[in-house]
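Hi there,

Here is the structure I promised to pass on. Have a look at it first, and then read on for what turned up.

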Amino acid sequence: MSCRREDHLFRMVKPGSSGIDFTNSIIENDSINVIDLENVYNGGGVAAGDFNNDGLQDLYFTGNLVPNILYLNKGGLRFEDVTQAAGVDGNGRWSRGVATVDINHDGLLDIYVCATLKRRAADRSNLLYINQGPDAHGIPVFKDMAAAYGVADTGQSTMAAFFDYDNDSDLDLYIATNEIVDGDFPNAFRPINKDGSHPNTDRLYRNEGSDSLGHPWFHNVSREAGILEEGYAHGLAIADLNRDGWKDVYVSNDYLSGNLMWVNNGNGTFTNRVNEYFKHGAANAMGNDIADINNDGLADIVELDMNPEDNYRKKMMLNPNSYQTYQNIDYFGYAYQYVRNAYCTASLLPA
């Protein structure tokens, strides 16, 4: 199978040729099903990076009911499953988003895995696989040091991003959360929780560094930084959206909760200014990405809705609109949302 886009030709490489046969299979039963666990089909993540420093991009897949898998790139679009030797199978977690970073500055790429869905907090603590370097066979070996680094977060994590929010030249950590709370219908209008008490609140960890430990450690500074507003996060992107020299955070939230645009105030705090920057967003917001699409020097945002493939199914699945809905949006301070993919180009940005 091949697909042509302009002057490029893309060829589908079959598993028998590539060696990549990962399948994130979900087998439903009386306790694992979409009725009891609404986020059961939210999927996993994939990361690309050179984990053994051989100049080739390797692939790491996260699984839900199946182990995570690390494929080493052997060249020529051939990959080898080295998960067991590398020690990165996910430790039985229901894994979701994954981020790669050289967090200890040793020249080796590390892996941060978001865990979610399971009932016990200990069963959904996030993993930080620190790269110990290659073994005698050239396979990178990892050690989970999330607790030692202070980032064994036990919230319902869906994505994570490392970035320097306080401009102190080390990498901090933002974790996006998506948790279906019992008795809390996500599409029911009510006052927005902005005090950080809701389980569906993202977290910000500041890199404190460490001279005694020999590696960085992190401290949860969500409250003091103002990251206190709830949301059902699916997408997370970092960029300096207003070009003031400080990294901002954009989060795509599902259901009634509006998307979050955390504008960095430059003093260690953030303010959600999504209603000032955007007229509307995607209603069932999924992934997003930020790039200068039209080469005008400004950051643009692409955000995907959970949009059906054809117009008939879209109309069949569309929630009813009403005047009362818009009245409630205004009354409770929610953002305007529509069931459509959104492409937001930057123009004159608010101060």
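R190 counts as partly exposed, because its relative accessibility is 23%. Please keep in mind that this is a predicted model. The side chain of R190 meets that of E230 in a salt bridge, at 2.8 Å from N to O. R190 sits in the loop between β12 (172-177) and β13, and E230 in the loop between α4 (222-225) and β15, so the pair ties together parts that are 40 residues apart in sequence. E230 has a relative accessible area of 6%, so it is buried.

How many salt bridges does the structure hold? The count is 7. Another one of them is formed by the side chains of R203 and D153, with 2.3 Å from N to O. R203 belongs to strand β13 (residues 203-207), while D153 lies in the loop between α3 (146-149) and β11 (157-163); the two are 50 residues apart, so this pair links distant parts of the chain.

Now to the sheets.

Strands β11, β12, β13 and β14 form an open sheet, in the order β11-β12-β13-β14, and the pairing is antiparallel. At the edges stand β11 and β14 (218-220), each with a single partner strand, so one side of each has no neighbour in the sheet. On average, neighbouring strands here are turned by 25 degrees against each other, direction ignored. Within this sheet, β12 and β13 run antiparallel and are joined by 3 bridges. Which residue of β13 is the bridge partner of I175? The partner is R203, the residue that also meets D153 in a salt bridge.

There is also an open sheet of 4 strands with the order β15-β16-β17-β18, again with antiparallel pairing. Its edge strands are β15 and β18 (270-272), and each of these pairs on one side only. Neighbouring strands in this sheet are turned by 20 degrees against each other on average, direction ignored.

Strand β15 (residues 232-239) deserves a look of its own. Of its 8 residues, 7 are buried, so the strand is largely enclosed by the rest of the structure. Strand β16 (residues 248-254) runs antiparallel to β15, and 7 bridges join the two. If you want to find the pairing on screen, look for A233, whose bridge partner in β16 is N253. At the other end of the strand order, 3 bridges join strand β17 (residues 260-264) to β18, and these two run antiparallel. There you will find N264 opposite F270 in β18.

Last, the aromatic rings.

A search of the whole structure finds 14 aromatic pairs. One of them is Y112 with F162: the ring centres are 5.7 Å apart and the planes stand at 85 degrees, so the pair is edge-to-face. Y112 lies in strand β8 (residues 110-115) and F162 in strand β11, so the pair ties together parts that are 50 residues apart in sequence.

Y326 and Y336 form an aromatic pair that is tilted, with 6.1 Å centre to centre and 35 degrees between the planes. Y326 is in helix α7 (residues 323-332) and Y336 is in the loop between α7 and β22 (337-338), so the pair ties together parts that are 10 residues apart in sequence. Y326 is partly exposed, with a relative accessible area of 29%, and Y336 is partly exposed at 30%. Finally, F189, Y331, F332 and Y334 form one aromatic cluster.

Best wishes

How values were computed: Residues numbered from 1 in each chain as written. Predicted model: local features only at pLDDT ≥ 70, side-chain atom pairs only at ≥ 80, totals over all residues. Heavy atoms only, no water. Buried < 20%, exposed > 50% of the residue type's maximum accessible area, 1.4 Å probe, protein only. Pairing = 2+ DSSP bridges. Salt bridge = Lys/Arg side-chain N within 4 Å of Asp/Glu carboxyl O. Axes fitted to C-alpha atoms, helices over the stretch in contact; angles between N-to-C directions. Phe/Tyr/Trp six-rings, centres within 6.5 Å; stacked < 30°, edge-to-face > 60°.
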